[in-house]
Amino acid sequence: MTRKLLLILLLSFLNATAYAQKAGSGSDQVATFATPIESFPTEGQLWGIPVNLHGQTTYINQRYNNFSAAYSGPNSLSALKSMSYTWSGTLFMGARIAPNTDIYFNPEVVSGVAFSDLGGLGGFTNGEATKVSGATPNFYSARAFLRQTINQEGSSVLLEDEANQISQTVSSNRVVITAGQFSTLDIFDDSRYAKDPRIQFMNWGNMTYLAYDYAADSRGYSTGLAGEWYLGNWVLRASRMLAPKTPNGRDINWQIFNSYGDQVEIERQHNIGDMPGKVSVLANRNKMVLARFADATNYVIANNAQGTQAINNVRNNYQYKTGIGIHGEQALTNDLGIYGRAFTSDGHTETMSFTEADNSISIGMGMNGTGWSRPRDSIGISVMQNGLSNYRKNYLQAGGISYFIGDTSVPYRGPGQTISYRPERIGEIYYNALLVKNVLLGVNFQHINNPAYNSARGPVNIASFRIHAEF
């Protein structure tokens, strides 16, 4: 059913009239609302070399009250009243070392405490929580990459000064190569309406396709090589990114031919009337030493290992994991747009780098506040549904525990103490208000039915606020 839906959506978008529109510039997909600060220029020259400097800081606080739970397990979301927070700060530094060659470096600091150590949900509630590991601030390199632009014949496109982009005039027909440390999501599955949890939706299912198990370390970054070919209103992207040494681990495996994540995406930009939109199709293929759920299920049953993370006992061989998704978005007016994402994976193996989902769909809208005389304010509304493959579902229902989820009670007392499977359904709404120049105050509400795919627990209502500033 999911694959049929993807085909229908693809055909409907491809029937739209196509016109060229301004495209991105590669690894620069950091959402922004900032305006220039006259006393603090962000672009200039240093020893005759063009450079730029941008920065951001974000604080997010989330809370929920007690919720109903028939039972809890080792990886359950706590049913008791809880609070979570994250804080991050990032500098975006760039230099143009040759006319079409840029280098960028993003030092980052984070601290925070996640709900239940990131357990108990498929669609986790805060995209910044992928990076936190405690209240003590941690400093690290988020990105350190080189971008090479190869212009071909075509019309001129001005790329303005922003985070990870020194202002530049490029051709509408060009090849862009990015190499080094960055996030797979910097290149793939860009969205005007649902991408950056710092200023848009917070849930992981609105950062990208929730079932897209893209290669990354535990903070969401990796090292690799990506290429993009812009040709009129079409863009073709491909990359190979390094995988972690262990699933969801911090350390990267440098054996690029043995352990990796490959992805290919084709994007078609168009105008319907005078309003821009686009549709993209993304396919990925991972290779890594991973557990197969069928093997883990057999292990649980044969060894009475209910309530354990049995995937650790059958993680013996290299496995392949594949998936495909479609993403479309369309501006309806100058201030209102809609989007939709759907993705399905083969579902045979455990999660490599992202979260516990094998199919996902999300739709939503974003709107600026021009209609109520607050043009710098924004509001967004979305709904999501996340599901598991039969292989993962059977493992959990047999009493197994996975990396992020697993509600099997300990000690295990019988079939009634494993998940009562239902798709996880999430509704999210946010409002951002411009406090002062380049500073936003946002509120966010998420309603989650069947947390971690278990109808015996929830629903959960999560209220959040955030403060975000950038220059």
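**View 1. Asp 189 and the residues it touches.** Leaving aside residues up to four places away in sequence, Asp 189 touches Lys 195, Met 207, Thr 208, Tyr 209, Glu 265, His 327 and Arg 341, where contact means heavy atoms within 4.5 Å. This is a predicted model, in which local features need pLDDT of at least 70 and side-chain atom pairs count only at pLDDT 80 or more, while totals for chains, interfaces and linings use all residues. Residues are numbered from 1 along each chain as its sequence is written, and side-chain values use heavy atoms, with hydrogens and water left out. Asp 189 is buried, with a relative accessible area of 0% (buried is under 20%, exposed over 50%, partly exposed in between, using a 1.4 Å probe and protein chains only).

**View 2. Helix 3 beside helix 4.** Here we meet residues 293–303 (helix 3) and 390–397 (helix 4), whose axes come within 9 Å and cross at roughly 15°. Helices are DSSP runs of H or I with at least four residues, strands are E runs of at least two, and both are numbered from the N terminus. Axes are lines fitted to C-alpha atoms, for helices over the stretch in contact, with angles from 0 to 180 degrees between N-to-C directions. Phe 293, Ala 296, Thr 297 and Val 300 of helix 3 meet Tyr 391, Arg 392, Asn 394 and Tyr 395 of helix 4.

**View 3. Trp 47 in its loop.** Trp 47 sits between strand 1 (43–46) and strand 2 (49–64). Its phi is near 55°, a positive value in a residue other than glycine, and Trp 47 is exposed, at 79% relative accessible area.
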